[in-house]
Amino acid sequence: MKELDILCVEDNEDYCFFLGRALKNSSISMKYEIIKEGDKAVEVLQEKSEEYIKPKMIFLDINLHGMDGLEILKSIKESNRLKYIPVIMLSTSDNPKDISQAFSLGANAYVSKPSSFNKLKDFVEECCNFWLKYNHTSLSTTVYD
């Protein structure tokens, strides 16, 4: 398995394209993967955690086919090997119930999807600067119970 900085779980084909472009255009060099199915994301995370190769950050949509983002978030935060990975919910939903539930399940942030490519690019840049450059994420994700 390859090293991974960011795992994106997003099923909208167009948004995947723009998110990928925003990540490629970031000033921070990173390795990322975009997964379009919730079940597949959980499988990949489990495989990576077993090999001690985990992402340093996860962008997670709520509305996914199969296993939804809140179920994935719950699975991540219940896993001793995954629970320290910062999860940023990135969703079109601004439903207060979704937001409250995401935070109660352990989301580190909840962001409404930026509406333009430039806003998405700025958002990705700011997230990467904080979570990958300034925050001590890489240390916290190596801690195991």
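Some ground rules before the details. The model is predicted, so local features need pLDDT of at least 70, side-chain atom pairs count only at pLDDT 80 or more, and totals for chains, interfaces and linings use all residues. Residues are numbered from 1 along each chain as its sequence is written, and side-chain values use heavy atoms, with hydrogens and water left out.

Let's start with helix 1, residues 13–24. Helices here are DSSP runs of H or I, at least four residues; strands are runs of E, at least two; both are numbered from the N terminus. Expected span is 1.5 Å times one less than the number of residues.

Which residues of helix 1 are buried? Y15, C16, L19, G20, A22 and L23. Buried means under 20% relative accessible area, exposed over 50%, partly exposed in between, with a 1.4 Å probe and protein chains only. Down the axis of helix 1, the buried residues fall within an arc of 160°, so they line one face. That arc is taken from the directions from the helix axis to the C-beta atoms.

On the face turned away from the buried side, helix 1 carries exposed E13, D14 and K24. What covers the buried residues? The cover includes strand 1 (6–9), strand 2 (32–35), strand 3 (57–60), strand 4 (87–91) and helix 5 (117–134). Contact there means heavy atoms within 4.5 Å.

Now helix 5. Its 18 residues should span 26 Å; the end C-alpha atoms are 24 Å apart, which agrees. Buried in helix 5 are F117, L120, F123, V124, E125, C127, C128, N129 and W131.

Next, charges. How many salt bridges does a search of the whole structure find? Six. The rule: a side-chain nitrogen of Lys or Arg within 4 Å of a carboxyl oxygen of Asp or Glu.

Take K56 and D5, at 2.9 Å, N to O. This pair links distant parts of the chain: K56 is in the loop between helix 2 (38–50) and strand 3, D5 in the segment before strand 1, 51 residues apart. K56 is partly exposed at 22%. D5 is buried at 10%.

Then E10 and K113, at 2.7 Å, N to O. Again distant parts are linked: E10 lies between strand 1 and helix 1, K113 between strand 5 (109–112) and helix 5, 103 residues apart. E10 is buried at 3%, and K113 is buried at 16%. E10, D61 and K113 are linked in a network of salt bridges.

A local case: K74 and E78, with closest N and O atoms 3.3 Å apart. Both lie in helix 3 (residues 69–78), four residues apart, about one turn of the helix. K74 is partly exposed at 40%; E78 is exposed at 56%.

Last, rings. Phe, Tyr and Trp rings (six-membered for Trp) pair if centres lie within 6.5 Å; planes under 30 degrees apart are stacked, over 60 edge-to-face, the rest tilted. The count is four aromatic pairs. F18 and F117 are tilted, 6.0 Å centre to centre, 50° between planes. F18 is in helix 1, F117 in helix 5, 99 residues apart. F59 and F123 have centres 5.7 Å apart and planes at 40°, so that pair is tilted. F59 sits in strand 3, F123 in helix 5, 64 residues apart. Both F59 and F123 are buried. Finally, ring pairs link F17, F18 and F117 into a cluster.
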